[in-house]
Amino acid sequence: MDPLFELAIDRPPRGARHASRSLYAQLTAAIMDGRLRAGTRLPATRSSVTYFGVSRNTAIQTYQRMLSEGYLVARPGSGTYVASRVPRDPSARQPRRPARASDRSDPRISEFWRSPDIGSALGFWRESLEEAAGAAAAPSIDFRPALVDARLFPYEDLRRALASQLRALEKRPARHKSPQGNQGNTRLRAAIVRHIALTRSVVCGPDDVLVTSGAQQAFDLIARVLVRPGRTVVAVEDPGYPPMRVPFAAAGAKVVPVPVDDEGLIVDRIPRDAAIICVCPSHQFPLGVT
């Protein structure tokens, strides 16, 4: 089965003599500017008409040239892939780097999101692909807080649970129309209600639960609902979880840092006019006190 390959290729006219040269130039340019990354599998030459608009012989000729020049590597029985290290071409464009909030100059973007402090807070957990690859290649001690040792995850339990649910779906396919609305899957919310009743002593019903795609989306929704721009005072832990502050500041709140001690937030230091107090559950972040 061919991989998903959606690189835009300018297809040469039928019978054009420069078809191989054109395809070569476009593929090498895509490799050099980062659109085709190392390890990307290219379509099989038998599918060249579908993907490139050229004959199989033309695709073979192009691939062979790129193989000989080091842009591609062939893996017998697997396919043709972009090489991990490609020749340096001084005339080629440099790989594109994703723009960060701190270096965006587009005047259409709010100045708030161009602030280096905001970019740093939102990028708190960010790591580059090179860092991730290096961590996997060489054992090291990671001192970043709140990271879970993946070796402790109960993969066997998860596999059994997934298999059980998939077997149930074979007998009772999921419905496209569901009563879940915009709050998340109904059964998931019911399960959350049972769980937090036991672990958090929270009494509520499924309609009181809103499932988000992550903590950051939850912070954003809370800020949109509770903050009155320019008026609402929000107390946050200092030090605390950096990304939590961003949506409240973006919503126009007055964010006030409150120091912490060996028991967490110092309650006596909370501003009297604070309408919202942000604390991390269970353990203070990043100091870890309960």
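Which residues does Ser 48 touch, not counting residues up to four places away in sequence? They are Gly 53, Val 54, Ser 55, Arg 56 and Ala 59, where touching, or contact, means heavy atoms within 4.5 Å.

Before going on, a word on what you're looking at. This is a predicted model, so local features need pLDDT of at least 70 and side-chain atom pairs count only at pLDDT 80 or more, while totals for chains, interfaces and linings use all residues. Residues are numbered from 1 along each chain as its sequence is written, and side-chain values use heavy atoms, with hydrogens and water left out.

**The overall picture**

The protein has nine helices and seven strands. Both are DSSP runs numbered from the N terminus: helices are H or I with at least four residues, strands are E with at least two. Take the contacts with a separation of 6 or more: 53% of them join residues 24 or more positions apart.

Pro 43 is in the loop between strand 1 (41-42) and helix 2 (48-51). Pro 43 is buried too, with a relative accessible area of 1%. Leaving out residues up to four places away in sequence, Pro 43 touches Phe 5, Tyr 51, Phe 52 and Tyr 63. Pro 43 and Ala 59 are 16 residues apart in sequence, and their C-alpha atoms are 9.8 Å apart in space.

Phe 52 has its own set of partners beyond four places in sequence, including Phe 5, Ile 9, Leu 23, Leu 27, Pro 43 and Tyr 63.

**Nonpolar cores**

Phe 52 also turns up in the largest nonpolar core: of its 20 residues, Leu 27, Leu 36, Phe 52 and Leu 72 touch the most other members. A nonpolar core is a set of buried Ala, Val, Leu, Ile, Met, Phe, Trp, Tyr and Cys residues joined through side-chain atoms within 4.5 Å. The elements giving two or more residues to this core are helix 1 (19-32) and helix 3 (56-69), and helix 1 gives the most, with seven. A second, separate core has 13 residues, among them Ala 223, Val 227, Tyr 241 and Ala 253.

The buried residues of helix 9 (residues 242-250) are Pro 243, Met 244, Val 246, Pro 247 and Phe 248. What do they pack against? The list is helix 4 (116-122), helix 8 (215-226), strand 4 (233-238), strand 5 (254-261) and strand 7 (274-278). Just after helix 9, Gly 252 takes a positive phi of about 100°.

Gln 284 is in the segment after strand 7 and is buried, with a relative accessible area of 5%. A polar atom of the Gln 284 side chain lies 2.8 Å from the backbone oxygen of Pro 239.

On a 1 Å grid over the protein atoms alone, a cavity is a set of points where a 1.4 Å probe fits but cannot get out; a pocket is an open set with protein on both sides within 12 Å along at least five of seven lines, and lining residues have an atom within 4 Å of a point. Volume here is the space filled by probe spheres set on the points, which are joined across faces, edges and corners.

| Space | Volume | Lining by class |
|---|---|---|
| Largest cavity | about 40 Å³ | four nonpolar, one polar, two charged |
| Second largest pocket | about 660 Å³ | 14 nonpolar, three polar, two charged |

In these classes, Ala, Val, Leu, Ile, Met, Phe, Trp, Tyr, Cys and Pro are nonpolar, Asp, Glu, Lys and Arg are charged, and the others, Gly among them, are polar. The largest cavity is lined by Val 236, Glu 237, Gly 240, Tyr 241, Met 244, Arg 245 and Cys 278. For the second largest pocket, helix 8 gives the most to the lining, with six residues.

Conventions:
Buried means under 20% relative accessible area, exposed over 50%, partly exposed in between (1.4 Å probe, protein chains only). A polar contact is a pair of N or O atoms within 3.5 Å; within protein, one must be able to donate a hydrogen and the other to accept it, and residues adjacent in sequence count only if both atoms are side-chain atoms.
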